[in-house]
Amino acid sequence: EYSDIDLHKVLNRIYNLLETDINKKGILLEYKIESKASYIRADVEMLEQVIINLIFNAIDAVLHVNNPQISFHIQSESTNSIMILVEDNGCGIKQKELEQIFIPFYTTKKKGSGIGLSLVRQIVHLHKGNIQIESEVGVGTKVFLRLPK
C-alpha cells in the first residue's frame, strides 16, 4: 500500500534492526544522515525489503575482507528524485557477472536463489525508480537506487 513516507525514518529503522547482528560479524555498518526530510510515495514494506536485501548482499560481499564496511545513505539528486546509495568494500563483482545479476535465478552464491536482485529491480520499477550497480573486483560495490519524490 503506497503512502507518503520519510526515507530517513525507514533507513533509521533498518539500521537499528540490523546494526547489532552486523557488528557481531565484525562489520562496520554506517548510516549517514542528511538533515533535510526526504519524503517519497512508496510501499514502505516493499521498500524495506529492497534495502534489507541490498544490505544482506553487501554482508555476503564483505565477509572475507579486512576491515569490512557497509554504508548506506540518502542523497537528494534533484528536485524530483532521491538516491539511496548502498556501498561496501567487499570482494566486488566481475564485469561478466554484473551484466547478469538482475536475471531471475542467476546467482554467484553457493546458497543463493537468484531471486533477490531480480525482485529488487521489480519493486524499484513498480515505484517508477531505477537501480544501477557499479563494482570493482577487490574494491567493492556501489548500488544506486533512484526513486521519484
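Just after α4, I find K128 with a positive phi of about 60°. I note here that the model is predicted.

**Entry 1: α4 and its cover**

I stayed with α4 and looked up burial. L117, S118, V120, I123 and V124 are buried in this helix. What covers the buried residues of α4? I find α2, β6 (130-136) and β7 (140-148) included in the cover.

**Entry 2: α2 against α4**

I took the helix pair next. Helix α2 spans residues 44-62 and helix α4 spans residues 116-126. Their axes come within 10 Å and cross at roughly 145°. The crossing of α2 past α4 is left-handed. Which residues make the contact? From α2, I list M46, Q49, V50, N53, L54 and N57. From α4, I list G116, L117, L119, V120, I123, V124 and L126. I then sorted the contact by class: nine residues are nonpolar, four are polar and none is charged.

**Entry 3: the largest nonpolar core**

L54 came up again when I turned to the core. The largest nonpolar core has 40 residues. Which of them touch the most other members? They are L54, I55 and I84. Helix α2 gives this core its largest share, nine residues. In general, nonpolar side chains tend to be buried together in soluble globular proteins.

**Entry 4: aromatic pairs**

I searched for ring pairs and got three aromatic pairs. One of them joins Y15 and Y31, with 6.2 Å from centre to centre and 35° between the planes. I log this pair as tilted. Y15 sits in helix α1 (residues 7-24) and Y31 in strand β2 (residues 28-32). The pair links distant parts of the chain, 16 residues apart. Are Y15 and Y31 buried or exposed? Both are buried.

Y31 also pairs with F72. Why do I call this pair stacked? The ring centres are 5.1 Å apart and the planes stand at 20°, so the pair is stacked; the cut-off for stacking is under 30 degrees. Y31 lies in β2 and F72 in strand β4 (residues 69-76), so the pair ties together parts 41 residues apart in sequence. Both Y31 and F72 are buried. I record Y15, Y31 and F72 as a cluster linked by ring pairs.

**Entry 5: I5 in β1**

I moved to the start of the chain. I5 lies in strand β1, residues 2-6. Its relative accessibility is 8%, so I count I5 as buried. Where does I5 stand relative to R41? The two are 36 residues apart along the chain, and their C-alpha atoms are separated by 6.1 Å. I5 touches V10, S38, Y39, I40, A42, V44 and L47, with residues up to four places away in sequence not counted.

**Entry 6: L28 in β2**

I finished with L28, found in strand β2. L28 has 47% relative accessibility, so I log it as partly exposed. From L28 to S71, the C-alpha distance is 8.1 Å, and the two are 43 residues apart in sequence. What does L28 touch? Its contacts are N23, P68, Q69 and I70, not counting residues up to four places away in sequence.

How values were computed:
Residues are numbered from 1 along each chain as its sequence is written. This is a predicted model: local features need pLDDT of at least 70, side-chain atom pairs count only at pLDDT 80 or more; totals for chains, interfaces and linings use all residues. Side-chain values use heavy atoms; hydrogens and water are left out. Rings of Phe, Tyr and Trp (its six-membered ring) pair if their centres lie within 6.5 Å; planes under 30 degrees apart count as stacked, over 60 as edge-to-face and the rest as tilted. Helices (H or I, at least four residues) and strands (E, at least two) are DSSP runs, numbered from the N terminus. Buried means under 20% relative accessible area, exposed over 50%, partly exposed in between (1.4 Å probe, protein chains only). Axes are lines fitted to C-alpha atoms, for helices over the stretch in contact, and angles run from 0 to 180 degrees between N-to-C directions. A crossing is left-handed if the near helix is turned anticlockwise from the far one by less than a right angle, and right-handed if clockwise. Contact means heavy atoms within 4.5 Å. Ala, Val, Leu, Ile, Met, Phe, Trp, Tyr, Cys and Pro count as nonpolar, Asp, Glu, Lys and Arg as charged, and the others, Gly among them, as polar. A nonpolar core is a set of buried Ala, Val, Leu, Ile, Met, Phe, Trp, Tyr and Cys residues joined through side-chain atoms within 4.5 Å.
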